[in-house]
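I opened the model to look up its pockets and the annotated site. My entries follow the structure.

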Amino acid sequence: MPIKDQNAYLDRILTIELGRCTEAAAVAASTMIGRGDKMGADQAAVDALRTALNKLDISGTVVIGEGEMDEAPMLYIGEEVGQGGPKIDIALDPLEGTTLTAKAMSDALAVVAMATEGGLLHAPDVYMDKIAIGPGYPDGTVDLDADPEENIRNLAKAKGVKPSELTICCLDRDRHKAIIDAARRADARVFLIPDGDVAGVFHVTNPEGTGVDMYMGSGGAPEGVLAAAALRCVGGQMQGRLQFADDAELARAEKAGITDLKKKYELMDMAGGDVMFAATGVTDGTMLKGVKWRGDKVTTQTMVMRSKSGTVRVIDAVSRADSFNLGYRG
């Protein structure tokens, strides 16, 4: 039967199917937890996710993927997936936290976002300076161009608390020393994460559950788009600006169609249209439980969101291990 309403299909069908895709990637990656092979873990997730996406009744185009065609044999930028249907933009990170998985550390995720065609920013593989907060605050509560201390004071005022009651998340990197020092001068708590830029922003979608009120710092621009998709689904604010280290990165931006190199991107610039987002835990984390193997069963926890309704579903699943066609796990 032909699909007459693309948006209805995106909402009703892909909401659950997208979760099955990240579930497959997470289960495949979980076979590599603690094995010290981050490339092998990533490849396992890529293979499983590509297979799952190709079962969907969509005409999907990867706009945020594993790299350019000559860099990534699967799920490269521009790759088409699916069996045909509505035209969909796809942003993905089959394994967000390859090092976390290799070292059996927390908060590794399999992540995919989808939007109606043209809805996702085609971000080049460069750094992006970011700031993000969760839902429920007046527009303009924080601003990328403001001093970190000012942003903390403004958020505390909007939340009706003292700055000392806020927690700021950022990647544990030397380049973030000024942000960390400023946050502590403002008397805010600082939650440092070793890796996982998407997960960092993901935390602010549920500050009551995670305890994280704001994300600040620079990380991958593609990961910024994925994080923006999650925020679009629940509300919240996010701004980002691309950073360029050399001429090669400027060339990537030109290839991606970026013309304003200094543009401050708002949330809708990065994730517009009808958006949906899915993440499945690979290792245990603040937001999601990781994959667990129990004899011939495997348990997963997946979060699926959609922007049209603001719905957030957490899906706990128990499946037969052989249903994932992974062969011998040992």
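I listed which elements supply at least two residues each to the lining of the largest pocket: helix 3 (38–53), strand 3, helix 4 (98–102), strand 8 (214–220) and helix 9 (221–234). Helix 3 gives the most, five residues. Helices (H or I, at least four residues) and strands (E, at least two) are DSSP runs numbered from the N terminus.

This is a predicted model, where local features need pLDDT of at least 70 and side-chain atom pairs pLDDT 80 or more, while totals for chains, interfaces and linings use all residues. Residues are numbered from 1 along each chain as its sequence is written, and side-chain values use heavy atoms, without hydrogens and water.

I noted a volume of about 1000 Å³ for the largest pocket. A pocket is an open set of points on a 1 Å grid over the protein atoms alone, where a 1.4 Å probe fits, with protein on both sides within 12 Å along at least five of seven lines; lining residues have an atom within 4 Å of a point. The volume is the space filled by probe spheres set on the points, which are joined across faces, edges and corners.

I then checked UniProt, whose unreviewed entry places a "binding site" at Asp93, Glu96 and Glu223. Such annotations may be inferred rather than shown by experiment. The three span 131 residues in sequence, yet no two of their C-alpha atoms are more than 8.8 Å apart, so they gather at one spot. The lining of the largest pocket includes Asp93, Glu96 and Glu223.

Glu96 is buried at 3%.

Note on methods
Buried means under 20% relative accessible area, exposed over 50%, partly exposed in between (1.4 Å probe, protein chains only).
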